[in-house]
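My entries are set down below in the order in which I made them.

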Protein chains: 2
Amino acid sequence: MSEQQKQPFLLKEIRWGVVGAGRIASDFVHAITLCQTPNKIKAIASSDSLERAQKFCENNLLDKNEINCYGSYNELFNDEFIDIVYISNLNHQHKETVLAALNSNKNVLCEKPLAVNKLEVEEMVKKAKEKGLFLMEGYWTRCFPLWIDIMSKHLNSLGNVQMFSTEFGCPIIRVNAMTGIKDGGEGYLLASGCYCLMIAQLIFKSEKPLELKVEGKLKENGLDYWANILIKYSDNKLARIFYSGEHRADGGLNIYCEKGNIRIPEFFWCPEEAIIRRYPDPKTVPHLLAVKATTEKINNNLPEFNLFNYNYPKTAGLFYQIDHVSNCLREGMKESFLMTLNDSLLLAETLDEIRKQLGVKYPQDDF
Amino acid sequence: MSEQQKQPFLLKEIRWGVVGAGRIASDFVHAITLCQTPNKIKAIASSDSLERAQKFCENNLLDKNEINCYGSYNELFNDEFIDIVYISNLNHQHKETVLAALNSNKNVLCEKPLAVNKLEVEEMVKKAKEKGLFLMEGYWTRCFPLWIDIMSKHLNSLGNVQMFSTEFGCPIIRVNAMTGIKDGGEGYLLASGCYCLMIAQLIFKSEKPLELKVEGKLKENGLDYWANILIKYSDNKLARIFYSGEHRADGGLNIYCEKGNIRIPEFFWCPEEAIIRRYPDPKTVPHLLAVKATTEKINNNLPEFNLFNYNYPKTAGLFYQIDHVSNCLREGMKESFLMTLNDSLLLAETLDEIRKQLGVKYPQDDF
């Protein structure tokens, strides 16, 4: 344990500016109250009006005297009293917004997906490195203690991973108040499917897919509705992924290993429980499947929170990410070790490949 | 409750002849001791020698004075003291053996798969109908009380089925003592994958697939090693199936419905436990995934049995099928209502299509 960890009251407070005054930003400012390290909201910016930023403070019971409200992003980027900005506007706005923040010498945590394609991610990563600033794609999932424990301890005890499988179907019905775009407005791959690909990349330790096969369905508007994806990695490792805006599936996940498997029963993107099953040694049993695996549960429950403060399920868990990012900043890091910039680049490449096969093309694409 | 059910002691005893003296036949003669209705082994036939049939009796502690042992199948088919034969030799021998049994006017329960392709199944079904005899493909799974309860009660309470998903990977390592052929000798589709397709057909009530896409891997011998299968049915219903002889997966299964889902955690082909999750009404919760589903477990445990009497996992459960078949015979039925002859035809057609896409061709195929 470091001196700092022993004496958390000595930790520097990290001051956040929140860009975008939508639902996920609202969840973010509630989640920050659960942090274990000192973090504080210092500014809010809406792109269109000061009133909207002020209204956001009111709605979320924030003290307007303590928080700078801005009617444009650039005003916030020029606020010298913030250390990092959290960017939560629409996906297609991320690139421009992140670049503006970096150009104003602000560190950045940007909601997933970092951008709509790899071309944009490359540009953003290049800029962050040029400026020597922190940039992270906000895959809060990777900051969950359950995933950190699985990756650092439990998975290693089960031999090599052979296969990963998940189903995440979420028929989102809300319409975005600002744009009138329904959630899934960039297609469900970027709305929810990307979580499945991000977690495959985590489990297979950022190995580049050898081969990727996709079968899916588009909506009338040309955006993807669901897809069934098979990814082949080296040594016959496989990922089987299904995401959907048409079918409902609660994000159960299986990691099959040589000596057992790990199951997350639901909400793999913000999990509180996993089940680890260990197979008996095949040499000691009459046949391979004859004897039941031994089973243990691991839990990392979220702290108590008021469900009705949040727009999305379990986004109280955003506080894990806020703590992680602020620790990175205090340590002088320029990227997260849980979700690296190379991870963002590889993930964007994978998502591009899936869209290519599905036939979903954005104006921003070069393919 | 019928008179017969009230007075089981009045039920006619069904006399079984067992064809093939291998491991599954051994499990069958043990499972029959668990039956709730009167069933008895009356004859055993080995294809190659009387001694092998006699040795089978000894090894399985059967009384040779009560059981006719034969060194050829035809002798058993001519035994007037048996009502039905259970055929358990190798898959490519099924057609010839079943036809011979039917031609000798014997009812037949034949191990899965009934034949190696649809062409053969058609011939066998035609013969059974011509002769007015009972014929059933031995998918014991469909006789498990858990499946009967799921299909007759629980599934109906969850609204329409949207998607079915399963993974069954079984790296079988044994070598068949008679032939030297490793299990999976016809490819893993016919060894284990067929169970996944059979259960998809059950869940989707024998609906014919609209479209089927397969991605898989062959071994050096040209037989299939694993496959990832997506089946599209009407109304956007989907089946996602993975089977493998290379990866281990314990046969967990999910059925996603409008109002909830059913999970069988393992061994879906002979299950003892399922978990039913019901979603809260979306109108009553702040967002679709916010509130946990309510969960209940349903159990139908196998009766106590000695694991070491059996070669394969949980084949004690074959007794459900034996009871079902003998009830069918007592009722004068010519086919099972749990696994109909049309089911066998449609299933064979589906398995043929998968092999076509994989490029696995048998000498018996006409494609």
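The entries that follow treat the helix and then the interface.

**Conventions.** I worked from a predicted model, in which local features need pLDDT of at least 70 and side-chain atom pairs count only at pLDDT 80 or more, while totals for chains, interfaces and linings use all residues. Residues are numbered from 1 along each chain as its sequence is written, chains are lettered from A in the order in which they are written, and side-chain values use heavy atoms, with hydrogens and water left out.

**Helix α6(B).** I looked up α6 of chain B, residues 118-131; helices are DSSP runs (H or I, at least four residues) and strands are E runs of at least two, numbered from the N terminus. I noted as buried (under 20% relative accessible area, 1.4 Å probe, protein chains only) B:Glu120, B:Val121, B:Met124, B:Val125 and B:Ala128. Seen down the helix axis, these fall within an arc of 130 degrees (directions from the axis to the C-beta atoms), so they line one face of α6(B). On the face turned away I found B:Lys126, B:Lys129 and B:Glu130 exposed, that is, over 50%. Just after α6(B), B:Gly132 takes a positive phi of about 65 degrees.

**Interface of chains A and B.** I found 50 residues of chain B in contact (heavy atoms within 4.5 Å) with 50 residues of chain A. The count of salt bridges (side-chain nitrogen of Lys or Arg within 4 Å of a carboxyl oxygen of Asp or Glu) between them is 10. I recorded one between A:Glu167 and B:Arg240, at 2.4 Å, N to O. The largest share of the side of chain B that touches chain A, six residues, comes from β7(B).

Terms used. Expected span 1.5 Å × (residues − 1).
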